Amino acid sequence: MMCVEIAMAANGPYFCGMLVTACSIAKYARQDCRLSFNILDGGISDADIAFLEKRVRDYHPNSAFNRLSVNDEMFKGYPAWHGNKMAYARLLLPAALPDKDWCIYCDVDFLWLRDICELWEARNDEVVFIGTADGNVDTLAREAQWFSKKGFPFDSESYFCSGLCYFNLKAFREQKLIARCVEILVSNPDIQFPDQAVLNIVTFGKREIVSRNWQRFTYELTQGLLDEGCVVHHAGEIPWHRYPCWISVMSDAVLLWHRFNAEVRGISLWRSLRTYHALGGILYHRGLCWLLRTPGIRQIVKFGLFAVRKPGVWAVFEFRSRRLDWRDSAGISQEMPVDAKTDPASAFR
Ligand SMILES: [Mn+2]
């Protein structure tokens, strides 16, 4: 039987993300394969791990768990990323899983709506790494500049986002690529996207790029993509994170995550939202999203902001509200087998 090796890393505050990511993998994976979850644990409680194992097995009984302890001390001397160093945990995988040849690593701000076994079958021993093109214009521009300043080769078509890393662990060990990553990290404290940049450097010319449906940023989501089946990455839009900024909107992609979280935890959608967000925050950020989708109000806000010479603020609004329409996303949620009494959708009906 095929056994899919999966790895994820989290500390206590990110456990809520890991739970949703792991359960979504389990839910959409076909049943005639084995799922092996390697949990890089930066401080998760035993009770949380037990709950995760139980819920994952409810979706996919043939699942196994391997808990590996990680701490920030291991990454001394590496530049910090958003205040913590758990992003580097993925660099431990070739050594932490010495008897495994391949492994799919993913961030814990993911929602899988596609069968991971299909990606597992894309293994290709000719390459050391499989990823998806990043495609974010801003990231590519910044990285192209930094790479050329440092003399590293760069190609925007194959520059990948490290939220999803499909490692050929055997090749990484044989070619000692992690040692090379560490060397680059320690000698370049001005690196902009630490783990992502070094992995792009050491795998250059030796990687395969697969369909971006294996990693779609929330701002790209459309009903068509959800129908095809894709993997959602909440980069820059963490569903359990409070963004205090007045121009933040609570997009439909965030509600989609909460809907799934509600299903996993057996609570209502509203309860899921309230666990992480203040009432005023929900009403304001969700209200803003709704207002900006109303064409007349859109025009007024746009006109007003241009009149006071703030086209940049308008651009941010437009970018953030250009996300999947809530009514369209009802299609996908109806496919989730949910008990009528715990149906998270009922909160908004
Ligand atoms: Mn992420």
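Trainee: In the open sheet of 3 strands, what is the strand order?

Mentor: The order is S5-S10-S9, and the pairing in this open sheet is mixed. Strand S5 (110-112) and strand S9 (216-217) are the edge strands, since each of them pairs on one side only. As a general idea, strands of a sheet pair through backbone hydrogen bonds, either parallel or antiparallel. Strands here are DSSP runs of E with at least two residues, helices are runs of H or I with at least four, and both are numbered from the N terminus; two strands count as paired if DSSP finds at least two bridges between them. The model is a predicted one, in which local features need pLDDT of at least 70 and side-chain atom pairs count only at pLDDT 80 or more, while totals for chains, interfaces and linings use all residues. Residue numbers start from 1 along each chain as its sequence is written.

Trainee: How many bridges join S5 to strand S10?

Mentor: S5 and strand S10 (residues 231-233) run antiparallel and are joined by 3 bridges, and within this pairing Phe110 has His233 of S10 as its bridge partner.

Trainee: What is the order of the open sheet of 7 strands?

Mentor: That sheet is also open and of mixed pairing, with the order S3-S2-S1-S4-S7-S6-S8. Strand S3 (63-69) and S8 each have a single partner strand, so one side of each is left without a neighbour in the sheet. Direction ignored, neighbouring strands of this sheet are turned by 25 degrees against each other on average. Helix H1 (residues 15-28) packs on the sheet, where it touches S1, strand S2 (34-41), S3 and S4, and its direction makes about 165 degrees with that of S1. Such angles run from 0 to 180 degrees between N-to-C directions, with axes fitted to C-alpha atoms, for helices over the stretch in contact.

Trainee: In which sense do strand S1 and strand S4 pair?

Mentor: Strand S1 (residues 3-10) and strand S4 (residues 102-106) pair in the parallel sense over 2 bridges, with Ile6 standing opposite Ile104 of S4.

Trainee: Are the faces of strand S6 covered or uncovered?

Mentor: In a regular strand the side chains alternate between the two faces of the sheet. In strand S6 (residues 129-132) both faces are covered, with Phe129 and Gly131 buried on one side and Ile130 and Thr132 buried on the other. A residue is called buried if 20 or more other C-beta atoms lie within 10 Å of its own, exposed if 12 or fewer do, and partly exposed in between, the C-beta atoms being placed from the backbone. S6 runs antiparallel to strand S7 (residues 164-168), to which 2 bridges join it, and Phe129 stands opposite Phe167 in S7. With strand S8 (residues 207-210), S6 pairs in the parallel sense over 4 bridges, and the partner of Ile130 there is Glu208.

Trainee: At what angle do the axes of helix H7 and helix H8 cross?

Mentor: The axes of helix H7 (residues 177-187) and helix H8 (residues 194-202) cross at roughly 125 degrees and come within 9 Å. The two helices are therefore oblique to each other, given that angles under 35 degrees count as roughly parallel, over 145 as roughly antiparallel, 65 to 115 as roughly perpendicular and the rest as oblique. Residues of H7 in the contact include Leu177 and Ile184, and those of H8 include Pro194 and Val198; a contact here requires C-beta atoms, placed from the backbone, to lie within 7 Å. By comparison, helix H10 (residues 252-265) and helix H11 (residues 269-276) pack at about 105 degrees with axes 8 Å apart, and they are therefore roughly perpendicular to each other.

Trainee: How many of the 13 residues of H13 are buried?

Mentor: The number is 0, so H13 lies largely in the open. Ile297, whose place is in helix H13 (residues 295-307), is exposed, with 12 other C-beta atoms within 10 Å. Leaving aside neighbours within four places in sequence, Ile297 is in contact with Leu291 and Leu292. Just after H13, Arg309 takes a positive phi of about 55 degrees.

Trainee: What share of the 349 residues in the protein do buried residues make up?

Mentor: Buried residues make up 40% of the 349 residues, in a protein with 15 helices and 10 strands.

Methods: Two residues are in contact if their C-beta atoms, placed from the backbone, lie within 7 Å.
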